[in-house]
Amino acid sequence: MPARSATTTTEKTYLLIAVGLLLLYVFPYVWLGEGAHLTIHDNLDSDFLYLYLLKITNTAFDFDLNTIIPNMMSSGPGAATSFSGIPRSAFRTGLNFEVLSFYLLPPYKAQVVNFIAVHSIGFLGMYLLLKKHILPESGWAFTRVAISFLFALVPCYIVHGASVTGQPLILFAFLNLLNRQGRGSDWLIIILFPFYSFFVWSGLFICIALGILGLVRMRQLRQMNWDYITGLLLLSLVYVGSEWELIYGFFNQTYISHRIEFDYSKLRSTRLDNTWYRIRDLFLWPMFNTGAFLTRGILAVTGAGIYLAWQKKDFRALKWLIGLPMLAGVICLIHGVYHYLVIWLGDSSMGLNFRVFQFDRFYFLLPALWFILFAMALRQFKANGGWNRFFLTGLFVTMIVANKEWRINIGKMTGYVTEAQQPSFRAFFAEKQFTQIRNYIAKPPSEYRVICLGMHPSVAQFNGFYTLDSYQNNYPLPYKHAFRKIIAAELAKGTKQMRTYYDAYGCRIYLYSAELGMNYLFGKTQHPVLNHLQLDTDAFSSLGGQYMLSAVPIGNAAQNRLHLESIFTNSESYWKVWLYKLE
């Protein structure tokens, strides 16, 4: 009994140290405030903006399938061509804790709160999973706390909630049910998990994986586990209930999505060598938005673990140490060959449109899978031994290298990274500067439409402007064709990659320019001048466009019927904005 008490006390010390280190991880975001850098790609340019947009349009808790959000991709007053905007059902469900947090808090504070919550859930879930099911012995206290801390550092996208970091927690609950040790807390985890994760990113694939796990186990035992089956049905039903608008729209096609024109034969190479590289790269480096980190270290530890397990004749361990990397390989294979499946099946099969919904997103399971494999491999070494600590240190270095956003903010704190190199949240959205622009135009934003050049439209949208351009994952197809007329000449002059990106993908409805290429981030320290811009201003006018917010000067503005109204600068802003008006 005294020895157990001492171990418990030691483990509590480890936990306190881990919590302290997690606070240090969060500290740059709190210290810098809105001066912190947040990832732009697929975050500030899109998903982050969507969450805030639901607040400023007062549609966060609007569940009417007929509700339209007019702040982007809608025609201005008096437009010859009429578009109303994007259906509310194309955005996040209001039955989600992340949507609620953005509704209740200012956007940056909501981001920090979710940052803390997402990484804390990762730490807690992995710790509970390891302590109960993988490394339960008291001698593994340091290792399980260390692995839990490292998993909490996985640099996944916060806008996905606990879709990635919550997986160990939901697995913990289902393993308890599978072992007939379920408690009320496990059922609570199952009920709450869909409200802080997203069905399209990971929910469907988590349900499928848990279904396969339960089926295999019940077949081995040759008996039904009704608690497990009930838990899986409950998880699925709560997902359906929380995201019913999205699921209903997918099956009933309440509008024709631009995603039906996804052309995988153009977006991805059909050459087998390129497919192999795609599979290999995902295996060695998970997808960026799920939390990308180099897995070679884990693979090396696994190889050593397999050798030791073979020497010890530990065939149960061998099964897992060989099986989990194979499972990761299958997941990568599914992603690598998915485009062949889409091309072969065509638009739809059995009522499922494989272009509209990406059924290859099993790769959202990879970060948790790799860490579980790492823990199982370490079991083959001496608990708290030198090799274990060496491998944990190596993974710690790997995670620090992988956390690019965090390292940038450390650089900002120490003065090594400037605003010109990596814009902060405040500089990117530049609220003071865009307030000046709104005041200059002196009309309600709903009464005119703007288009952006050399900057992400999310900047204007965040500041209340109604934009013709936008980055949207799902929107009505006819708008894609109407907008293309504006930039048709620029796409024809530009690269094949640019044309393919618009025509075969089309999520970024941007004002592309052959001279700027596919760059959407021109700060005030960069001054390329466009001398050959060629827009169809009649098409621009037909959508009700009146103003252009440009991050670069246009040398031939007059040829495009654009008049320079004013130039706006601000010391806190990343941008220098040239305001043009259509004559």
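This is a predicted model: local features need pLDDT of at least 70, side-chain atom pairs count only at pLDDT 80 or more; totals for chains, interfaces and linings use all residues.
Contact here means heavy atoms within 4.5 Å, and in that sense lysine 412 touches Leu32, Gly35, His37, Val417, Thr418, Glu419, Gln422, Pro423 and Ser424, leaving aside residues up to four places away in sequence. Two cavities of 30 Å³ or more are counted, and the largest nonpolar core holds 187 residues.

**Cavities**

- Rolling a probe the size of a water molecule over the atoms shows where empty space is left.
- The largest cavity has a volume of about 80 Å³, and its lining consists of Cys452, Leu453, Gly454, Met455, Tyr510, Leu511, Tyr512, Ser513, Leu516, Gly517, Asn519 and Tyr520.
- By class, the lining of this largest cavity comprises eight nonpolar and four polar residues, with no charged residue among them.
- The lining of the second largest cavity divides into five nonpolar, four polar and one charged residues.

**The largest nonpolar core**

- In soluble globular proteins, nonpolar side chains tend to be buried together.
- Within the largest nonpolar core, with its 187 residues, the members that touch the most other members are Ile147, Phe371, Phe434 and Trp575.
- Helix α17 (residues 366–378) makes the greatest contribution to this core, with 12 residues.
- Phenylalanine 371 is in contact with Met126, Ile147, Leu150, Phe151, Val154, Phe293, Leu395 and Met399, when residues up to four places away in sequence are not counted; one of these partners, Ile147, is itself among the core members that touch the most others.

**Two buried residues in helices**

- Lysine 412 belongs to helix α19 (residues 404–414), and lysine 412 counts as buried because its relative accessible area, 12%, falls under 20%.
- Phenylalanine 174 lies in helix α7 (residues 167–178), and with a relative accessibility of 0% phenylalanine 174 is likewise classed as buried.
- Beyond residues up to four places away in sequence, the contacts of phenylalanine 174 are Ile190, Leu210, Tyr228, Gly231, Leu232 and Leu235.
- Between phenylalanine 174 and leucine 221, which are 47 residues apart along the chain, the C-alpha separation is 16 Å.

**Strand pairing around β6**

- Strand β6 (residues 545–550) is mostly covered, with five of its six residues buried.
- Strand β6 runs parallel to strand β3 (residues 449–453), to which five bridges join it, and in this pairing arginine 449 stands opposite glycine 545 of β6.
- Strand β6 also pairs with strand β8 (residues 577–582), here in the antiparallel sense and over four bridges, and the bridge partner of methionine 548 in β8 is tyrosine 580.
- In a regular strand the side chains alternate between the two faces of the sheet.

Terms used:
Residues are numbered from 1 along each chain as its sequence is written. Side-chain values use heavy atoms; hydrogens and water are left out. On a 1 Å grid over the protein atoms alone, a cavity is a set of points where a 1.4 Å probe fits but cannot get out, and a pocket is an open set with protein on both sides within 12 Å along at least five of seven lines; lining residues have an atom within 4 Å of a point. Grid points are joined across faces, edges and corners, and a volume is the space filled by probe spheres set on the points. Ala, Val, Leu, Ile, Met, Phe, Trp, Tyr, Cys and Pro count as nonpolar, Asp, Glu, Lys and Arg as charged, and the others, Gly among them, as polar. A nonpolar core is a set of buried Ala, Val, Leu, Ile, Met, Phe, Trp, Tyr and Cys residues joined through side-chain atoms within 4.5 Å. Buried means under 20% relative accessible area, exposed over 50%, partly exposed in between (1.4 Å probe, protein chains only). Two strands pair if DSSP finds at least two bridges between them.
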